[in-house]
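Hi there,

Here is the structure I promised to pass on. Have a look, and my notes follow below.

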Amino acid sequence: MNNKRKRIWISLICLLLVVTGGVVYAASSGLFSDSGKELGPEDGEEYVKAIESRKAAITGVTVPEIETSPYEKYIGDSRIIKDRQHGIESNYIKQILILENKIPAKAPYLSKEKAIAICNGLKDLPKNEGECQLAIMDAFNEVALAPDFKGGSGRTRIIYYTDETHSKAVFITGFSVRYIDYDISETASELLFQAFD
C-alpha cells in the first residue's frame, strides 16, 4: 500500500473515531426528563430511554419501544414516600398498590423469622436468576401481599421492610435472601437463604 492510501485510511479512521466519540458524548450529556429534571444513571430506566432517544435523534437510527412498567405514571408523584433506597417512585410497589386500592393500607409486613420459614419450605426453584427471584417474591407475597421496593441499577433488589419504621428489611438479590438492620449498618447484611451457589 502506498503512502497516499495509508494517509487516506488513517484519516478515515480518525474521522470515524471523532464522529463516534461525539455521538456517544452528545447522547449521554445534558439529558432531561419531560418535567425538566436533569437525568443521571440513578434515574434508571428513564435515563436509559433518554440516552436511546438522543442516540436515535443524532444517528437517525430508530430504537424499538421498550416495555415500560405499569407504575411509571407514579414517577415524580409526591404521595410516594422514598425510603433508604432513594430509587424512583415507581419502584415503591406496595405504596403504589395501596394508592390504587389493590391491597389494604395496613398491608402486613414480612418478619425475618417468617422469611426464614418460607425459604426453608421452598423447593425446585428455577435456575434462572430472575425467575428464581420471582418465585421467592411470590412466596413472600402470600404474607406481605407485595414487596415494598423492587428495582435497582444493574442488579434487582426486592425489599420487604419488617415493620413500619423501615429500619430493618428482608431483601432478595441474586439467588439469595438477606436481612439488614439499617440502624446497625447501611451495608452489612446477614444471609438468610441461598438458592444456588
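Let me begin with the sheet: five strands make an open, antiparallel sheet, in the order S1-S2-S3-S4-S5. Here strands (E, at least two residues) and helices (H or I, at least four) are DSSP runs numbered from the N terminus, and two strands pair if DSSP finds at least two bridges between them. S1 (149-151) and S5 are the edge strands with a single partner each, so one side of each has no neighbour in the sheet. S3 and S4 pair in the antiparallel sense over six bridges, and Ala169 has Ile180 in S4 as its bridge partner.

A word on the source: this is a predicted model, where local features need pLDDT of at least 70 and side-chain atom pairs count only at pLDDT 80 or more, while totals for chains, interfaces and linings use all residues. Residues are numbered from 1 along each chain as its sequence is written, and side-chain values use heavy atoms, leaving out hydrogens and water.

Beyond its neighbours within four places in sequence, Ile136 is in contact (heavy atoms within 4.5 Å) with Leu122, Leu125, Ile172, Val177 and Phe193.

Happy browsing!
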